Structures are given as structure tokens and as C-alpha cells.
Amino acid sequence: MKVEIVTTGTELLLGEILNTNAQYLSRKLNSIGFDVLYHTTVGDNPQRMQAVLEQARERADIIITSGGLGPTRGDITKETVMAITHTDSYLDLDTWGRIDAYFRKKGIPCPANNEKQAYVPIGAEVLQNEVGTAPGLWLDYNGKIFIMLPGPPSELMDMCEKQLFPRLLQRFADHGIILSRTLHLRGVGESRVAEILDDVIMHQSNPTIALYARYGEILIRMTAKAADDQAAAKLLDTCEAQVRDYVDEYVYGVDDASLAACLGQELLAQGKTIAFAESCSGGLASSLVTDVPGSSEYLLGSVVSYTNKIKNKLLNVQQETLDRYGAVSRETACEMAIGVRRVMGSDLGVSITGNAGPSASEGKPVGLVYIAVATEDVVYCQEHRFTSTRTENKLRIALAAISMAIDKLKEEKKQA
């Protein structure tokens, strides 16, 4: 079944909020076998919304909207769908009672304009809203299905999980499923992976293979379509084995894997601990590590040494080093890594110092970063040049530090 997702709201076009509903719906629908082929976003304008919905009706079997079901004059999704399907509405007393009960539970009178939400297109099925007031709607019209969902993500997701997805699976029980699996790679560029896998990609059919880069790592997504989960998983197993024949040395995880989780697994396997000294990354590397449950087993602590004073006083970076080489230098990074390792008593000390932007400092260019890893016997240091925005640079820097720590742990293990 071909699906088009139409998200409504001028605030989306203005960039005031992220379009998380489209992302959520696409992931979920594809995972249960529905082909999401189009995304459209339109503002709260009757003419433009009608044009978008008419176009969606021509090219999709199922049109799913989010937003525009509220009680205000600007909420026009339901009315627009009714216009293009030539449908009238009626006051659904059950829905109106639910809306009234929602407000009584909060101890406030139900605003009169909320009655607008209780009007239902004739012939539509109501998807009750257990989180908010706007009901969802399922309307069949001339072989097409219009599904109208509320805009607030918490309401939309609750309605989808409890009502919409079960109905879709029941209605289209024999249309098959789509299953995806993602390999996470590090230490290699996207163009190189594309070159290595060129022959595999050129001869793909089912599963399909897609590559994309994300913050310093490469993702290989394999997607299979089959009658059921078991058949799809078997296709993915075969495809993954084929892909790994070419790139297994770079693969560090599957599906929801993260570099921070990979680092934790390696530290636990070796029975080692780690500590961070972060300057330009502002503690982000430590934060990513603590996102992993159980990280207290191996992360002893961190120091956000944003100023030279803290580098000197807490991490014992020599003032002479700071004066001669500056904060953004190989020498300072090495002393920071040694210092945090000694202060925290950890097996590894990881330091980050650099200029994340947006302007040069100490005569050092934007994006110049030094990352060091100190062990009991040696200090490793790498120079990096990052070229994105300040915020994106910070994330790339933090991930590069975590990746370097993984590399050094594995190298030391081999040498032991």
C-alpha cells in the first residue's frame, strides 16, 4: 500500500518545531509493511491544503495527516478532507462526552469551541484520543483511505500504538511486512564504503541496501520485504553476511548500537575504567557515555576544564605549556589526559581541547582539535579538523574522542 504523510501547521514551515511526527510515522509504517513514498508539509491555508490533499489522493492509497484537528479557526484539516470527499458531518455525542469528561477530570469547564472537535464526517470511524481532546478519524472514500491524527506527538503516538496500527494490520493482514537492519561502521568514509560495496549494491533487489553518513560514522541499512518476520529476518541474515564479507572490520554494532555503548562493552570486557577531561566539547563526551545504562561501572568522572585556570589547577597542566603552546595544542591535550587519569585514578584518561567555533582564538583556526588518550605507559594524541557548525562540531568531537578510546583499548589488548 502506498502511503503519503501530510503534516500540517505553519509552525513546521517556519522551522519553529521539528517534524517528529513524520519521522515517527515513517519508521513505524515501514516496519509493518506500508510503503511511505511521500512526505508533504503544508501550512494552515485552505486552498493550499486542499491542493496538497488532492495531489496525495491521486498518488497514494492511504493519506495520513497530522495536526489541524484542534478547536480553533486555524484547525482546518478535517474540514478540508470533508470538502474534497464531499462529506457532511454530525455531532458525535460519545466523542463530545469524552471531551467534556477530559476537562471535568482537570477540574475546569469545557470550552464551548471544543464542540468543533466532536463533529465527525459521516461514514468515518473515530479513533478516540486517550491523551488529549481531538479524536482521530478514519475515512474511506472511493478506494482511498484518509486517516486524520492529532498534531501533539504524545497524542499521535498513543493513538497510533493503541488504535491505528492494530486496525491497519487487521485491515491489510496479508500484504506482508518490511523489516530493516542497520550496521554501524567507524574508521572509514562513505565514499570508500560505497566503492567497496559497489557490486553488491548494483545487484541488490530484496533486501535493498542504502548507505548514509551520520556524525562521523557510516550506516548501512538493509531492508527486506516478506510475508512475515521470520522470512524477512532470513533474508536480512543472508544480506548481512554478504555485506560483512566486505566491511566487517569496520562494523562496531547493529541497529540501536552507539559508539558510547561500544566503548562501555570494551571497558567492561577488559575490566578497565576511564575518565574525561573536556574543554571545547563541554562535557558532551562524558554525557554520551553516561547515556548508557551501567556506565558507572567504568566511568569514574570527568572535568570540564574550559579555562586555562582549571586546566592548570585541577589537571596539573603546566603553566609553561599553556603559555608556550596555548590551550589548543598537542602538548596541552597530552598533559590534560595524563592529569585527569591521575586525578581520577582511572586506567584511561581521555582529553579534548580545541576550537569549536565560530571564530579563531589564540591564532588557532576554527575546527582545530586535539584528542589524547593516556594509559599507564603511553599517551596517544590525534589532531582533527572539523568544519561544521559549533553545535555539530561538538558532537563530532565527542564521538571522535570515544572512537579513539575504543581504538586504543583494542590496540593495548593486542599488545598485551
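I took a nonpolar core to be a set of buried Ala, Val, Leu, Ile, Met, Phe, Trp, Tyr and Cys residues joined through side-chain atoms within 4.5 Å. The model is a predicted one.

Cores. I found 35 residues in the largest nonpolar core, and those touching the most other members are Leu263, Ile274, Phe276, Ile352 and Ile402. I then asked which helices and strands supply at least two residues each. They are helices H10 (259-270), H11 (284-290) and H15 (390-415), together with strands S13 (274-278), S15 (348-354) and S16 (368-374). H15 gives the largest share, 10 residues. Apart from this core I noted another, of 23 residues, which includes Val3, Ala22, Phe34 and Ile64.

Ile352. I listed its contacts, leaving aside neighbours within four places in sequence. Among them are Ala277, Cys280, Met336, Val369, Ile371, Ile397 and Ala401.

Cysteines. I searched the whole structure for disulfides and got 0. Cys280 is in none, and the nearest cysteine sulfur, that of Cys381, is 12 Å away. Is Cys280 buried or exposed? Its relative accessibility is 6%, under the 20% cut-off, so Cys280 counts as buried. Cys239 has 4% relative accessibility and therefore also counts as buried.

Cavities. How many cavities of 30 Å³ or more are there? I counted 1. The largest cavity has a volume of about 30 Å³. I wrote down its lining as Leu69, Lys78, Gln117, Pro135 and Leu137. By class, that lining has 3 nonpolar residues, 1 polar and 1 charged.

Methods. Residues numbered from 1 in each chain as written. Predicted model: local features only at pLDDT ≥ 70, side-chain atom pairs only at ≥ 80, totals over all residues. Heavy atoms only, no water. Disulfide = S-S within 2.5 Å. Buried < 20%, exposed > 50% of the residue type's maximum accessible area, 1.4 Å probe, protein only. 1 Å grid on protein atoms, 1.4 Å probe; cavity = no way out; pocket = protein on both sides within 12 Å on 5 of 7 lines; lining within 4 Å. Points joined across faces, edges and corners; volume = space filled by probe spheres on them. Nonpolar A, V, L, I, M, F, W, Y, C, P; charged D, E, K, R; others polar. Helix = DSSP H or I, 4+ residues; strand = E, 2+ residues; numbered from the N terminus. Contact = heavy atoms within 4.5 Å.
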